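I opened the notebook today to look up charged pairs, a metal site and a pocket. Here are my entries, in the order I made them.

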Amino acid sequence: MNNKQTCVLVVEDDAAVRNLITVALGSHGYQWLSAVTGAEAVDVISASDPSIVLLDLGLPDIDGQDVIAKVRTWSQVPIIVVSARADDLDKIRALDAGADDYLSKPFSVGELLARIRTCERHLSYMVREEPHESTFRNGDLSIDFVAGTVMLDGKELHLTPREYKLLCLLARNVGRVLTHQFILREAWSGTQEGDLASLRVFMGNLRKKIGKRYIQTHVGVGYRMVRV
Ligand code: CA
């Protein structure tokens, strides 16, 4: 992907850190926008539709965690949290709320740029896979979205409706880590039965049926379908 097309929103109230990041982005050919408060960040995301968001958690008005929750109600824009909070619980909370990645301060500019490039690769997968293809292929696995059938090595697989929904969700986002919360929201559609324990059970059954190599578990974060 040509990084000149990527516009990064930098949400950071510390002017020195904000300048460090925006100068690095500019010198590597990225377009950028900046916001100082959480409310401003939400406004800029809805008005300007940036490609990637870098988000500090300690903001002067609302907490960065609340920014993630708010934005996720309407947008799947990749969010990389850049925070001085090194606590595992903060990381897990941010990732479960829908952040895509987490970088602890102090960070190196090189690592930040590498994380942005990873997001860009995930974006290019999404663009490639999302346009309503009627079939999906990955190794011996194929899905016919129109017929609602799944074939593995030439034989039709019998999946429950929920397993089929989970598989389609992973396939449509192949290469991308989907957080538990995202999967629960998408595959259970707000009903009460969706919780982490049942997600694990369904995912375990699905992996037994299609073979373990297709779905990676990211402990404490979520799941990802890999290209085989
Ligand atoms: Ca801050």
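Entry 1: I began with aspartate 100, which is partly exposed, with a relative accessible area of 28%. I kept in mind that this is a predicted model. Which residue forms a salt bridge with aspartate 100? I found arginine 72, with the closest N and O atoms 3.0 Å apart. Aspartate 100 sits in the loop between helix 4 (88–97) and strand 5, and arginine 72 in the loop between helix 3 and strand 4 (79–83). The two are 28 residues apart, and the pair links distant parts of the chain. Is arginine 72 buried or exposed? I noted it as buried, with a relative accessible area of 5%.

**Entry 2: lysine 105 and glutamate 12.** Next I looked up lysine 105, which forms a salt bridge with glutamate 12. Their closest N and O atoms are 2.9 Å apart. Lysine 105 is in the loop between strand 5 (101–104) and helix 5, while glutamate 12 is in the loop between strand 1 and helix 1. Lysine 105 counts as partly exposed at 21% relative accessibility. Glutamate 12 has 2% relative accessibility, so I list it as buried, the cut-off being under 20%. I also saw that Glu12, Asp56 and Lys105 are linked in a network of salt bridges.

**Entry 3: the calcium ion.** Asp56 turned up again here. Which protein donors does the calcium ion have? I listed Asp13 (OD), Asp56 (OD) and Gly58 (O), lying 2.2 to 2.4 Å from the ion. Along the chain these donors follow the spacing D-x42-D-x1-G. Aspartate 13 lies in the loop between strand 1 (7–11) and helix 1 (15–27), and aspartate 56 in the loop between strand 3 (52–55) and helix 3 (64–71), so this pair ties together parts that are 43 residues apart in sequence. I checked accessibility too: aspartate 13 is partly exposed, with a relative accessible area of 33%, whereas aspartate 56 is buried at 6%.

**Entry 4: one more bridge, and the count.** I then turned to arginine 213, which forms a salt bridge with aspartate 140, the closest N and O atoms being 3.7 Å apart. Why does this pair tie together parts that are 73 residues apart in sequence? Because arginine 213 lies in the loop between helix 8 (196–210) and strand 11 (215–218), and aspartate 140 in the loop between strand 6 (135–138) and strand 7 (141–144). Arginine 213 counts as partly exposed at 48% relative accessibility, and aspartate 140 counts as partly exposed at 40%. How many salt bridges are there? I got a count of ten.

**Entry 5: the largest pocket.** Last, I looked at the largest pocket, which has a volume of about 340 Å³. I counted 22 lining residues, and Ala99, Asp100, Asp101, His122 and Val177 lie nearest the centre. Helix 5 (109–129), strand 10 (178–179) and helix 7 (180–188) each give two or more residues to the lining. Helix 5 gives the most, with six residues. I sorted the lining into ten nonpolar, six polar and six charged residues. Domain 1 (3–129) and domain 2 (135–225) each supply at least three lining residues.

Note on methods. Residues numbered from 1 in each chain as written. Predicted model: local features only at pLDDT ≥ 70, side-chain atom pairs only at ≥ 80, totals over all residues. Heavy atoms only, no water. 1 Å grid on protein atoms, 1.4 Å probe; cavity = no way out; pocket = protein on both sides within 12 Å on 5 of 7 lines; lining within 4 Å. Points joined across faces, edges and corners; volume = space filled by probe spheres on them. Helix = DSSP H or I, 4+ residues; strand = E, 2+ residues; numbered from the N terminus. Nonpolar A, V, L, I, M, F, W, Y, C, P; charged D, E, K, R; others polar. Domains from an automatic or database assignment. Donors = N, O, S within 2.8 Å, 3.2 Å for Na, K, Ca; no water. Buried < 20%, exposed > 50% of the residue type's maximum accessible area, 1.4 Å probe, protein only. Salt bridge = Lys/Arg side-chain N within 4 Å of Asp/Glu carboxyl O.
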